[in-house]
Structure formats: structure tokens, C-alpha cells
Amino acid sequence: MNIRSATRPAWLAGTIVTALAAGCANAPAPTGTTAARTAPAAAAEPPADGNRLVLATMKAGTGTDQGGSTDAFAYAEKAGDASVGKLASANGVARVTGTIWPQKGSTWAGVGFTAGVAHGGKPLDASAYKTLTLQLAASVPGVLRLRVLGDDKAVRDAGCYPVVTQAVTQELREYSIPLARFASESYCGINARTVAVTLGALSAVEVADAKVGAGRRDVDFQVGRITLGR
């Protein structure tokens with residue numbers, strides 16, 4: 001588990017940080033309408049029917065059954081205004097905790113989680129898939145930000161891979177989101193990447209709680225199985 005930092009609005013995968021600009025709370029992010037259905041905490045893996053690809057099923061502790069790595073991170077406009085508490089998995093579900101507390105005046109901050117896509121250590125060509133499905137829950141009902149990540153480090157550092165937001169409840173549910181609804185943050189400009197380009201070299205999926213309030217707020221959310229659908 002890492003705490004990540006940066007000096008600009010960026011998400012930095014695999015690098016320790018305490019301040020990162022990904023998901024500026026003031027930057028508009030698209031909100032997708034999704035189909036949600038209740039999912040058990042230890043849901044069975046879907047059959048290999050050719051229409052769905054399992055990207056990540058969480059192992060006990062950290063990592064995925066597919067050989068990918070998992071990571072928890074925190075970012076904030078001002079160093080120290082967000083921190084990671086714990087990352088642990090059980091029954092196929094990862095749980096992330098942390099704190100967002102803008103004592104130094106951060107206007108954006110968050111606590112997040114990434115699940116890597118492992119295919120021989122190379123990014124996955126997921127161009128043929130149309131839907132991202134995740135199991136999600138939060139201790140307090142709210143909104144989580146989802147991001148699909150490619151293999152371009154500069155784009156990752158700029159926080160400019162596509163995102164969408166999803167309302168979640170305390171109950172672990174499965175949300176199916178059309179990939180066409182993902183779009184880069186408005187501040188990205190020429191650094192923005194389309195979801196089509198991103199899917200051509202998919203390397204990870206990110207989930208983050210990016211809500212900043214006036215005072216201290218404890219973050220506690222869960223991420224279960226992640227799949228792609230045609």
C-alpha cells in the first residue's frame with residue numbers, strides 16, 4: 001500500500017505520494033447512468049462464455065487471482081490533507097480506508113485503489129469490450145470516481161485517462177457501466193485520452209473517493225470483482 005504525492009493535478013500509478021492532482025473536486029466529471037444489481041460478497045466468477053473477461057478477482061491480503069497487483073493511495077492539493085489507512089481483501093473483496101481532512105486548505109483530495117491487469121506483464125488490448133462491471137460499496141452512501149488506465153506514464157502523471165462517477169450504497173452491488181461514458185477531466189486539454197485509445201493498452205482500473213468537505217471525513221469503500229463485457 002502506498003501513499004502517493006505530486007505537485008500538480010495528476011494520478012501517479014505505482015509511485016509513493018501524499019499529494020496528487022487526480023480528480024480535482026472542482027473539475028467536472030461525467031456521471032453515467034448504470035444498471036445495478038445486488039451481488040454477494042463472495043460472488044462466483046462468471047463463466048468464460050466469450051462475452052465477458054475477468055480483469056480482477058481480489059485475493060486475501062492484496063493482489064488478484066489473475067496475478068495483478070493492487071494498491072491503495074492518497075492524494076491532495078496540499079501535502080498531508082489525505083492519508084491511507086488500510087488495504088486488505090477477504091472473500092474476493094478489497095476494502096480501502098483512509099481520511100480526507102483539508103486542514104491545509106486543499107480544494108481537491110482523495111483516497112483511491114487500483115487493480116492492475118496482468119497479462120504476461122503487458123497491457124491488455126480491450127478494444128472489443130463495451131462495458132466495465134465492478135462490485136462496489138461504501139460505508140456511507142456516496143459517489144466513487146472510476147478511471148481506466150493505459151500504459152502511458154506521462155498521461156497517468158497528468159491524471160488524464162478517462163473517468164466516470166458512480167453512486168454507491170452500503171450494500172455491495174454490481175454496476176455495469178458503458179465504457180463509452182468514460183471521458184477525461186476537463187482540465188486535461190491536449191493530454192486527454194479517449195476511452196478507445198485507453199482500451200487499446202489497458203493496464204489498470206482505479207476507484208477513488210474524491211469528496212472534500214469542510215472538516216475531517218473518514219473514507220471506507222469496497223471493490224469486488226472487475227470484468228469487461230462485449
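Two strands are said to pair if DSSP finds at least two bridges between them, and helices (H or I, at least four residues) and strands (E, at least two) are themselves DSSP runs, numbered from the N terminus. In this sense, strand S2 (residues 52-56) and strand S12 pair antiparallel over 4 bridges. The model is a predicted one, in which local features need pLDDT of at least 70 and side-chain atom pairs count only at pLDDT 80 or more, while totals for chains, interfaces and linings use all residues. Residues are numbered from 1 along each chain as its sequence is written, and side-chain values use heavy atoms, with hydrogens and water left out.

**The chain as a whole**

- The chain has 2 helices and 12 strands, and along the sequence these follow the pattern β-β-β-β-β-β-β-β-α-β-β-α-β-β.
- The average pLDDT, which is the predictor's confidence in each residue on a scale from 0 to 100, is 84 for the chain, and 79% of the residues score at least 70.
- Over residues 1-47, however, the pLDDT is below 50, although this stretch has 166 contacts in the model beyond near neighbours in sequence; a contact here means heavy atoms within 4.5 Å.
- Of the 230 residues of the chain, 51% count as buried, where buried means under 20% relative accessible area, exposed means over 50%, and partly exposed lies in between (1.4 Å probe, protein chains only).
- Among the contacts in the chain with a separation of 6 or more, 74% are made by residues 24 or more positions apart.

**Strand S12 and its partners**

- Strand S12 is mostly covered, since 10 of its 13 residues are buried.
- Strand S5 (residues 93-100) runs antiparallel to S12 and is joined to S12 by 7 bridges, and Gly98 stands opposite Val219 in S12.
- Strand S7 is likewise antiparallel to S12, with 7 bridges joining the two, and Ala137 stands opposite Gln222 in S12.

**The open sheet**

- An open sheet of 5 strands has the order S3-S6-S11-S8-S9, and its pairing is antiparallel.
- Strand S3 (70-76) and strand S9 (163-168) stand at the edges with a single partner strand each, so one side of each is left without a neighbour in the sheet.
- Neighbouring strands of this sheet are turned by 25° against each other on average, direction ignored; the axes behind such angles are lines fitted to C-alpha atoms (for helices over the stretch in contact), and angles run from 0 to 180 degrees between N-to-C directions.
- Strand S3 is joined by 7 bridges to the antiparallel strand S6 (residues 109-116), where Ala109 is the bridge partner of Ala76.

**Nonpolar cores**

- A nonpolar core is a set of buried Ala, Val, Leu, Ile, Met, Phe, Trp, Tyr and Cys residues joined through side-chain atoms within 4.5 Å.
- The largest such core has 44 residues, of which Leu55, Leu132, Ile226 and Leu228 touch the most other members, and strand S12 (residues 217-229) gives the most to this core, with 5 residues.
- Apart from this core lies another, of 7 residues, among them Leu149, Val155, Cys160 and Tyr161.
- In soluble globular proteins, nonpolar side chains tend to be buried together.
- Beyond its neighbours within four places in sequence, Leu55 is in contact with residues including Leu132, Ile226 and Leu228.

**Two buried polar residues**

- Thr133 lies in strand S7 (residues 131-138) and is buried, with a relative accessible area of 9%.
- The side chains of Thr133 and Ser176 are joined by a polar contact of 3.0 Å, a term for a pair of N or O atoms within 3.5 Å; within protein, one must be able to donate a hydrogen and the other to accept it, and residues adjacent in sequence count only if both atoms are side-chain atoms.
- Asp81 is found in the loop between S3 and strand S4 (82-90), and Asp81 is buried, with a relative accessible area of 1%.
- The side chain of Asp81 reaches the backbone nitrogen of Gln103 at 3.3 Å, and a polar contact of 2.6 Å joins the side chains of Asp81 and Ser106.
- Asp81 and Pro102 are 21 residues apart in sequence, yet they are 4.7 Å apart in space, C-alpha to C-alpha.
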